[in-house]
Amino acid sequence: AESNFSGRKFPLSWENKYHNYSGSSRGRWFVLLDASAYVSTNSLDLSQHPFDYVALSFHKMFGYPTGLGALLVRNNTAGEIMRKRYFGGGS
């Protein structure tokens, strides 16, 4: 939504263009918004712009602390892509 380099803001409506893109033979496209710079100066209504994933950096929002953030995942997206497809790890 906002460039980290130039500060240019891009329309959130671009999400609609790619969210329902049917040109892929492998299914629908998932859309991730890096809203770290955007949410510090703008409000973000996720009911109007249903991104699949939204990444946030607390450092860019509040100025402190570094190293903390969040990844918001829509419920219907989580069921599709976060299904465990393999088993491993442990001892």
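This is a predicted model: local features need pLDDT of at least 70, side-chain atom pairs count only at pLDDT 80 or more; totals for chains, interfaces and linings use all residues.
Visitor: Why does His49 count as buried?

Guide: The relative accessibility of His49 is 17%, and buried means under 20%, so His49 counts as buried.

Visitor: Which residues is His49 in contact with, leaving aside its neighbours within four places in sequence?

Guide: With those neighbours left aside, His49 is in contact with Leu12, Ser13 and Glu15, where contact means heavy atoms within 4.5 Å.

Visitor: What makes β1 and β3 the edge strands of the sheet?

Guide: The sheet is open and has 3 strands in the order β1-β2-β3, with mixed pairing; β1 and β3 (69–73) each pair on one side only, and they are the edge strands.

Visitor: How do you know that β1 and β2 pair?

Guide: Two strands pair if there are at least two bridges between them, and 3 bridges join β1 to β2, so these two strands, which run parallel, meet that condition. In this part of the sheet, Leu33 stands opposite Val54 in β2.

Visitor: What is the volume of the largest pocket, and which residues are closest to its centre?

Guide: The largest pocket has a volume of about 170 Å³, and of the 12 residues that line this pocket, Ala1, Pro11, Trp14, Leu33 and Phe51 are the closest to its centre. Two or more residues of the lining come from each of the elements α1 (14–19) and β1.

Definitions and conventions
Residues are numbered from 1 along each chain as its sequence is written. Side-chain values use heavy atoms; hydrogens and water are left out. Buried means under 20% relative accessible area, exposed over 50%, partly exposed in between (1.4 Å probe, protein chains only). On a 1 Å grid over the protein atoms alone, a cavity is a set of points where a 1.4 Å probe fits but cannot get out, and a pocket is an open set with protein on both sides within 12 Å along at least five of seven lines; lining residues have an atom within 4 Å of a point. Grid points are joined across faces, edges and corners, and a volume is the space filled by probe spheres set on the points. Helices (H or I, at least four residues) and strands (E, at least two) are DSSP runs, numbered from the N terminus.
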